[in-house]
Amino acid sequence: MAQIRPFYALRPQKGFEARIAALPYDVLSLEEARCEVEREPLSFLAIDRPETIAGQGENIYEKAGRLLQERIEEGYFAEDELPGFYIYELTAGGRSQTGIGALTSVDDYLSGTICRHENTRADKEADRVRHVQACRAQTGPIFLAYREREEIGAIVQDHKEKAEPVYDFTAADGVRHRLWCVQDVEEIEALYDAFLEVPRFYIADGHHRCSAAVSCALQKRKENPGYTGEEPWNFILSVLFPDEELKILDYNRVVKDLNGLSAEALLERMEESFLVEASGRQAVIPDRKGCFGMYVQGCWYRLLAKEKNADPVEGLDVSVLQNQLLAPILGIMEPRTDGRISFVGGSRGLAELEQLADQYGGVAFSMYPTAMAELFAVADKGRLMPPKSTWFEPKLRSGLLLHRFD
């Protein structure tokens, strides 16, 4: 049984939401983030990525905390006077997904009721811990999924039909964002009770933010041995979506060299595990599980894995590529830390794969998207996927909902 809690959200004052809302801090490169902050100084990226504006020698985390406080004092943000849930709808490409902004429990994460499917990197988690501590707030929500329940959908739809959204704007990338506040006591209780029937939540995106929130809570517990469990820092800022509304995009790979091989030798080595078909300049978009595209030296190839594996982790396409090609042939033994490999979200398109492979003199791989059912199967077994197995679109915006705990 998983629990959600209403909360007093710190959020943009009406009229500033479109200017403040920003893509998650880890989606953009530093240069891309700098350009966005230059274009829109109120962008939340200035707080989420304070290195974009910090002076030489300035502590970036202290900079983030000061800037958030300044923007509160200047009237750009205000905290709701009543606790509530928040209905958050994203629409892109003719498809909508609607989640519930709420707090989830650190204890549910520790018990496995909130399931993860990826490991985190210590350096990235430490970065977010310092950011949360300096801001005294969780500034980016965790993207959670749950198995769809009709009663939750009915409550959400009823509220959307009878109430006006507090925010309704379309971002520069074409994604429309609408947010409703649910502060009626009966509606809050109805949503709370409906979610009690949901056995588990699954982290779709935001593993490092989630781990950082948990680490901060555990540190607070050490500092406050008489804690009750109800303190605000015992909860995690989250937005929860039904699985049937979510779409996972491909998460592609680029390796910066051929590990000392010629393109011909690479193709020859691959034929042990894959059926290889040349496609010339025609980009290969994998059309089914077990199918991969490969781009090297100006040419595309369609790869089909010769063997299938029923194991929920080893049978993932990302595992097949890693175990049968990236590791044994290209020498990528630890993709989480190897600087020779980079990962490109499917929303950036295959042209970027070609550009990067040509730039590096390496090789790129287009992937078939991981399915939600595969994510659930891995997490339900308490196991972990290889890094960068899933890419969810559209992305939640940071800066629309903040959870202050100090």
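I start with charge: the mean positions of the 47 positive and 66 negative charges of the protein chain are 3 Å apart. Lys and Arg count as positive and Asp and Glu as negative, with His and the chain ends not counted; each charge is placed at NZ of Lys, CZ of Arg, CG of Asp or CD of Glu.

A word on the source: this is a predicted model, where local features need pLDDT of at least 70 and side-chain atom pairs count only at pLDDT 80 or more, while totals for chains, interfaces and linings use all residues. Residues are numbered from 1 along each chain as its sequence is written, and side-chain values use heavy atoms, with hydrogens and water left out.

The protein chain has 13 helices and 21 strands, taken as DSSP runs numbered from the N terminus (helices H or I, at least four residues; strands E, at least two). Its radius of gyration is 22 Å, close to the 22 Å from the globule rule for 406 residues, so the chain is as compact as a globular protein of that length. That radius is taken over C-alpha atoms, and the rule is 2.2 Å times the number of residues to the power 0.38. Of the 406 residues, 53% count as buried, meaning under 20% relative accessible area with a 1.4 Å probe, protein chains only. Among contacts (heavy atoms within 4.5 Å) between residues at least 6 apart in sequence, 78% join residues at least 24 apart.

Now the helix. In α12, residues 350-360, the buried residues are Leu 350, Leu 353, Glu 354, Leu 356 and Ala 357. They pack against β14 (251-255), β16 (291-296), β17 (299-305), β18 (341-345) and β19 (363-366). Just after α12, Gly 361 takes a positive phi of about 75°.

Next, Val 214, in helix α9 (residues 207-223). Is Val 214 buried or exposed? It is buried, with a relative accessible area of 5%. Not counting residues up to four places away in sequence, Val 214 touches Val 106, Tyr 109, Leu 110 and Ile 236. Its C-alpha atom is separated by 8.2 Å from that of Phe 235, 21 residues apart along the chain.

Last, Thr 52, in the loop between α3 (45-48) and α4 (60-73). Thr 52 counts as buried at 13% relative accessibility. A polar atom of the Thr 52 side chain lies 2.7 Å from the backbone oxygen of Arg 49. Beyond four places in sequence, the residues that Thr 52 touches include Leu 30, Ala 33, Arg 34 and Val 37.

Technical notes. Buried < 20%, exposed > 50% of the residue type's maximum accessible area, 1.4 Å probe, protein only. Polar contact = N/O pair within 3.5 Å; in protein donor to acceptor, adjacent residues only side chain to side chain.
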